[in-house]
Amino acid sequence: MIVDRSALDRIIAAGGFIGAPTGSAPDANAIPIPKEDADLAMDAAACIGCGACVAACPNASAMLFTAAKVSQFAKLPQGQPERYRRVKAMVRQMDFEGFGNCTNHGECSAACPKAISLDHIAQLNRDYLKSTLRADRRIVSEIGAG
Ligand code: SF4
C-alpha cells in the first residue's frame, strides 16, 4: 500500500516545529523538565506520521496526528513561545487540507501503531480554545488602546 502523506507534511510545515537558533547541541540537562511532562511529550513524539489514524477514522479526520504534533511541544519549555500560534496554524492547515472533523469515535487511537492517546486531542482542543481567547483579548485591548 502506498500512502500520500504530503498533506500531513504540510500540517507540520505550518507549525510543527520550534524556532531555535542553530549551533552545537545544548546539554540535555540544561533546562529542567518535570518527568511527567517529559514522558507526555515523548509519548506524543512517538507519532511516526503514518496516517493509519486518518485511514481508520470514519470522518477521515487527522486530529490524532495533528494533536500528537501539537502536544509534543505543548508540555515542554521549548514549545512555549510559539505554542498558541502553532496550534492555530496547524489546525488551519488541517482544515484547509480537507480532513474531516473529529467526533470522538476513537478508531484513530485503536489503529495507531504507536498507541497515541486520545488525551492528546483533548490537549489540542484546550490549546486551540486558549489561542482563540488570547486573540480576542488582544483585539479587545487594541480597540481599547485605539
Ligand atoms: S496512526 Fe498514530 S503514528 Fe500514525 S500518524 Fe496517526 S497518530 Fe501518528
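In the predicted model shown here, helix α1 has the buried residues A7, L8, I11 and G15; buried means under 20% relative accessible area, with a 1.4 Å probe and protein chains only. Because they cover an arc of only 105° around the axis, they lie on the same side of α1. The arc is that of the directions from the helix axis to the C-beta atoms. Helices are DSSP runs of H or I with at least four residues, numbered from the N terminus. The buried residues of α1 pack against α3, α4 and α5.

The largest nonpolar core has 23 residues. Such a core is a set of buried Ala, Val, Leu, Ile, Met, Phe, Trp, Tyr and Cys residues joined through side-chain atoms within 4.5 Å. Two or more residues of this core come from each of α1 (6-15), α3 (52-56), α4 (63-74), α5 (83-96) and α7 (119-145). The largest share, 6 residues, belongs to α4. L64, M94, F99 and L124 have the most contacts inside the core. Beyond its neighbours within four places in sequence, F99 is in contact (heavy atoms within 4.5 Å) with residues including A7, L8, I11, V54 and M94.

Next comes the ligand. Around the ligand are C47, I48, G49, C50, G51, A52, C53, L64, F65, C112, P113 and I116, each with a heavy atom within 4 Å of it. At least two residues of this shell come from α3, and at least two from α4.

Residues are numbered from 1 along each chain as its sequence is written. In this predicted model, local features need pLDDT of at least 70, side-chain atom pairs count only at pLDDT 80 or more, and totals for chains, interfaces and linings use all residues, while side-chain values use heavy atoms, leaving out hydrogens and water.

Methods. Buried < 20%, exposed > 50% of the residue type's maximum accessible area, 1.4 Å probe, protein only.
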